Every structure is written in C-alpha cells, then in structure tokens.
Amino acid sequence: MTIFNLGSINADIVYRVPHLPLPGETLSTTGFQRGLGGKGANMSIAAARAAGRVVHIGAVGRDGDWAVQSLMESGVHTQHIQRAETTGHAIIYVDETGENTIVIHPGANREISMSSVIAALSEATQGDTFVTQNETNMQADAVRIAASKGMRVAYAAAPFDADAIQAVLGDLDLLVLNQVEAQQLETATGQTLTDIGVPDVVMTLGAKGCRWFHGKQAQDFSAHKVTPVDTTGAGDTFTGYLLAGLDRGEPMEQAIRLAQKAGALMVQRQGTADVIPDLKDVRDAFPS
C-alpha cells in the first residue's frame, strides 16, 4: 500500500553547544551543521527507508529544490510538493548529552493549498495510510478527506496544540505522542488516553521505551540501552518506521519493536534526515 504524508519540509540549522542556552545567555557553539529536516520530511524518509512507499504532500520555497532532491534520493515520491515563497527552517541547539531545543519558522509549510491536498489524496485508496503532524496547514481538512476514503489515519501530535489535535481526534485510527504531549492532551480534554476515542495510541517514553494503548488495554515496551549522541529526529524516525511496519501488515507489537530499534540507532547518530537509518542498518544493528 502507500503512505501519504502531509508534512513539513525544513532546512535544519544545527548548533552544537556545551549546554542548552538559558534566558539571556550567549553561548559559543562547538559545531555547526545544515541539512534537510522537518517532522514531515523526517517521517517520510524514515518510512521510505523502512521499505514503505511514501508520497509526500507539502511545500518548499523557490530555493527548495535541494530539499525535494534529498527526499527523492531517499525514495520518497515528491510530485505533490508545491512551490511557495520561503522554505521553512528550524534552529536546533544540541547539548553534550544529546538533548535539544528547537525553534521553527514555518515558511512554505503553512502555505499548502487545498487543491494540492485533494490532488494527492485522489490517488489514495481504501487501506492506504495517511499521516500528518502539527507543522503545516490543511491538517483537519486532509484528515477528513483521508477518513472518508477509508484510509488508516495517523497523527503525530507535535508541536502540541490542543485545538489542532482536538479538531482531528474523531477521525484518527492511530495517535503517536510523547509523555509531555500526552499529559497536555489529557489536561486539554479532561480524558485519559484510553478514553479519547482513538483505537490505537502509542506514547513514547524516551529512554524508558513506549506504551501502546489499545482500547482499555496498555502494553509497555522497554527501550534498547544505548548512549545517545543526538536525539533530534528520533521520534520522527520511530513514527515513520511504525507506519511502514503497519502498512506492510505487521502486528502492532512487531511494528513497535522495529520502530524502537530504528529510534535507538538514530539517537547514536548526529544529524537529522540525512542520517535516518535504512532497514538494513537497523537489522544489522539489532539482529534479534
């Protein structure tokens, strides 16, 4: 089947710093890197490198040909990426422990047209997967179209916005979020993750692993013990691999375990989209 991803495309500008800057503090960097990023692009590349067929729906600026080329080189179908004025970008600070702080300028990611979404999803069929995140416009409209076509509809709830997620909750089959986002959602809705009406919810817990909620049941998955170098993009890698596994028809438990391996390998690499591991990398690193 096919994974259709309405997702952001960013230029990631990464600074290595001794520690994350405090309010009013000026720091000298210990390293600098620029490359492709954005939660959407990361997820598309991860799913494609996990052997999924991925169609990306998005927008870049007139200077964004390099980003589209990078997606294509990773196996992502890019015919539904439109052109706008300015490519989105992210300023990322990464400290010596691998923790990060990110500031995003959305740019073209907030200029995606309805006609582009309709054209892309006109190619989808029942059983295909649709995923989006909160870094673009057109999320709620696209979710409704995907749900009406009988697609599996997934949402990655970051950056968290209570109104954005509540606008799509009723049409979701799968919600992926971290522990902080889960707490924010429960506060906003007054409901637990088992009561929000989404059939499958996967809450990532960082070094503690993740928890899968299915109906009223919850199952924990322990994390692989690794030494992180850079956590940027690890959650997106996890989600992309999870979707690719489910798209292949793998049971949720199997798809989660593969996604955890991919995320564990990703945090041992410095960078974002350019260093997302492929399926062979993951299987070589975690053969069992």
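## About the model

This is a predicted model, in which local features need pLDDT of at least 70, side-chain atom pairs count only at pLDDT 80 or more, and totals for chains, interfaces and linings use all residues. Residues are numbered from 1 along each chain as its sequence is written, and side-chain values use heavy atoms, leaving out hydrogens and water.

Strands here are DSSP E runs of at least two residues, helices are H or I runs of at least four, and both are numbered from the N terminus.

Strand 8 (residues 129-133) runs parallel to strand 9, joined by five bridges; pairing takes at least two DSSP bridges. Strand 9 also pairs in the parallel sense with strand 10 (residues 174-178), over three bridges. There, Tyr-155 stands opposite Leu-175.

## Helix 6

Now to helix 6 (residues 179-189), whose buried residues are Glu-181, Ala-182 and Leu-185. Because they cover an arc of only 100° around the axis, they lie on the same side of helix 6; the arc is taken from the directions from the helix axis to the C-beta atoms. These buried residues pack against helix 5 (162-166), strand 10 and strand 11 (200-204), with contact meaning heavy atoms within 4.5 Å.

The face turned away from the buried side carries Val-180 and Thr-187, which are exposed (over 50% relative accessible area). Just after helix 6, Gly-190 takes a positive phi of about 70°.

Methods: Buried means under 20% relative accessible area, exposed over 50%, partly exposed in between (1.4 Å probe, protein chains only).
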